[in-house]
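User: Could you take a close look at one part of this model for me? I'd like the surroundings spelled out, cut-offs included.

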Amino acid sequence: MQKEVPMDRAAVLATELEILHALCNGGGTRQQRTELVHTLDDHVFFEPEHQVVFESVRALLTRGLFSSESLAVHLNNRGFPDTDLDKYLVASAPNIRDALVQARELCSLKG
């Protein structure tokens, strides 16, 4: 059996960003995106901005109101008007199934 090598901080940050790309770019079904969000319910993102964006995405998806425009408004209303959404809304987002695998891997790092 192969021993799993833990991710370093840079790899964790990159994985978090990839997962947020998948969530913010509207790929997959609503059910898949909801599963991805629930997988990360107990994950604390290393990057505070990632945590803030995730919490806003989760809140909007829960209410069925997610769009890039609603995300910008939600972040603004939470006191984060200067969040660079272009960083999260990228054309080369991973598919939702790959993001779910990445999320499970992140969550397994906690032990």
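Analyst: His-50 sits in helix 3, residues 48-62 (helices are DSSP runs of H or I, at least four residues, numbered from the N terminus). This is a predicted model, where local features need pLDDT of at least 70 and side-chain atom pairs count only at pLDDT 80 or more, while totals for chains, interfaces and linings use all residues. Residues are numbered from 1 along each chain as its sequence is written, and side-chain values use heavy atoms, with hydrogens and water left out.

With a relative accessible area of 5%, His-50 counts as buried (under 20%; exposed is over 50%, partly exposed in between, with a 1.4 Å probe and protein chains only). Leaving aside residues up to four places away in sequence, His-50 touches Leu-13, Glu-16, Leu-17, Leu-20, Phe-45 and Tyr-88 (contact means heavy atoms within 4.5 Å). With Glu-16 there's also a side-chain polar contact of 2.9 Å, that is, a pair of N or O atoms within 3.5 Å, one able to donate a hydrogen and the other to accept it; residues adjacent in sequence count only if both atoms are side-chain atoms.

Glu-16 turns up again where helix 1 (residues 9-24) packs on helix 5 (residues 96-108), at about 145° with axes 9 Å apart. Those axes are lines fitted to C-alpha atoms over the stretch in contact, and angles run from 0 to 180 degrees between N-to-C directions. On the helix 5 side, the contact residues include Ile-96, Ala-99 and Leu-106.

Conventions. Helix = DSSP H or I, 4+ residues; strand = E, 2+ residues; numbered from the N terminus.
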